[in-house]
Amino acid sequence: MRVLGVDPGLTRCGIGVVEGVAGRPLRMLGIGVVRTPADAVIGDRLVLIERGIEEWLEAHRPEFVAVERVFSQHNVRTVMGTAQAGAVAMLCAARRGLPVALHTPSEVKAAVTGSGRADKAQVGAMVTRLLRLDAPPRPADAADALALAICHIWRAPAQNRLQQAVAAHRTMSSPRSTKGRTS
């Protein structure tokens, strides 16, 4: 499974590509950041993010895109920019027919470190270890994107089984068609 992880942000949008399957060694295929100038108008910034993500999608051909789910922060302006950049990533994936998974920061931290309250340094250290890198990935936005991709690779099989079980339960629980029956 090849996953493009996206840590959305207007100024720095972290990007990381990881390949592998749960229970096996993972391999980093790429890491980077799509940057936009803080003084540019929002529309231009979003176009730059779109172009950057499209380049990564074209170059790495992922099967899935994992995006950090926006969570409530104190700074509404930051939340809006993060949400807008995340929406651009989802749009780029949808345009290509790629499934998108949203993971909260605490989900990612728990998947990678074992604790949903891990700090950036702990996440970076575990990403370094899991991907057998010589040094922690920099900047932190890029390391977070790799962590998102790792989280998705590890959680996708269980999530798929759960979704299949829910779908099967709905099928079994739905009322049977009475069309054509007479009483």
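## Terms and model

Buried means under 20% relative accessible area, exposed means over 50%, and partly exposed lies in between (1.4 Å probe, protein chains only). By that rule E54 is buried, at 16% relative accessibility.

This is a predicted model, in which local features need pLDDT of at least 70 and side-chain atom pairs count only at pLDDT 80 or more, while totals for chains, interfaces and linings use all residues. Residues are numbered from 1 along each chain as its sequence is written, and side-chain values use heavy atoms, with hydrogens and water left out.

## Helix α2

Helices are DSSP runs of H or I with at least four residues, strands are runs of E with at least two, and both are numbered from the N terminus. Helix α2 covers residues 76-95, 20 residues in total. From first C-alpha to last it reaches 28 Å, close to the 28 Å expected at 1.5 Å a residue. The expected span is 1.5 Å times one less than the number of residues.

Which residues of α2 are buried? They are V79, G81, T82, A85, G86, V88, A89, C92 and A93. After α2 comes G97, with a positive phi near 75°.

## Packing of α1 on α2

Two packed helices are described by the angle between their axes and the distance between the axes. The axes of α1 and α2 come within 9 Å and cross at roughly 40°. That makes α1 oblique to α2. Axes here are lines fitted to C-alpha atoms, for helices over the stretch in contact, and angles run from 0 to 180 degrees between N-to-C directions. Under 35 degrees counts as roughly parallel, over 145 as roughly antiparallel, 65 to 115 as roughly perpendicular, and the rest as oblique.

The crossing of α1 past α2 is right-handed. A crossing is right-handed if the near helix is turned clockwise from the far one by less than a right angle, and left-handed if anticlockwise. Contact means heavy atoms within 4.5 Å. On the α1 side, I42, L46, I49, E50, I53, E54 and L57 take part. They meet Q84, A85, V88, A89, C92, A93 and R95 in α2.

## I42

I42 lies in helix α1. Its relative accessible area is 40%, so I42 is partly exposed. I42 touches L10 and Q84, leaving aside residues up to four places away in sequence.

## Salt bridges

Side chains of opposite charge can pair when their charged atoms come close. A salt bridge is a side-chain nitrogen of Lys or Arg within 4 Å of a carboxyl oxygen of Asp or Glu. By this rule there are 10 salt bridges. In one of them, R95 meets E50 at 2.9 Å, N to O. R95 is in helix α2 and E50 in helix α1, 45 residues apart. Both partners are partly exposed: R95 at 49% relative accessibility, E50 at 22%.

R95 also pairs with E54, with 3.0 Å between the closest N and O atoms. E54 lies in helix α1 and R95 in helix α2, so this pair ties together parts 41 residues apart in sequence. What else does E54 bridge to? R96 forms a salt bridge with E54, its closest N and O atoms 2.8 Å apart. R96 sits in the loop between α2 and β5, 42 residues from E54. R96 is partly exposed, at 32% relative accessible area. E50, E54, E58, R61, R95 and R96 are linked in a network of salt bridges.

## Backbone exceptions

Most residues other than glycine have a negative phi, and most peptide bonds are trans. R61 has a positive phi, near 45°. R61 is placed in the loop between α1 and β4. R132 also has a positive phi, near 55°. The loop between α4 and α5 holds R132. At 54% relative accessibility, R132 counts as exposed.

Where is P139? P139 lies in the loop between α4 (120-130) and α5 (140-173). The peptide bond from R138 to P139 is cis, with omega near -5°.
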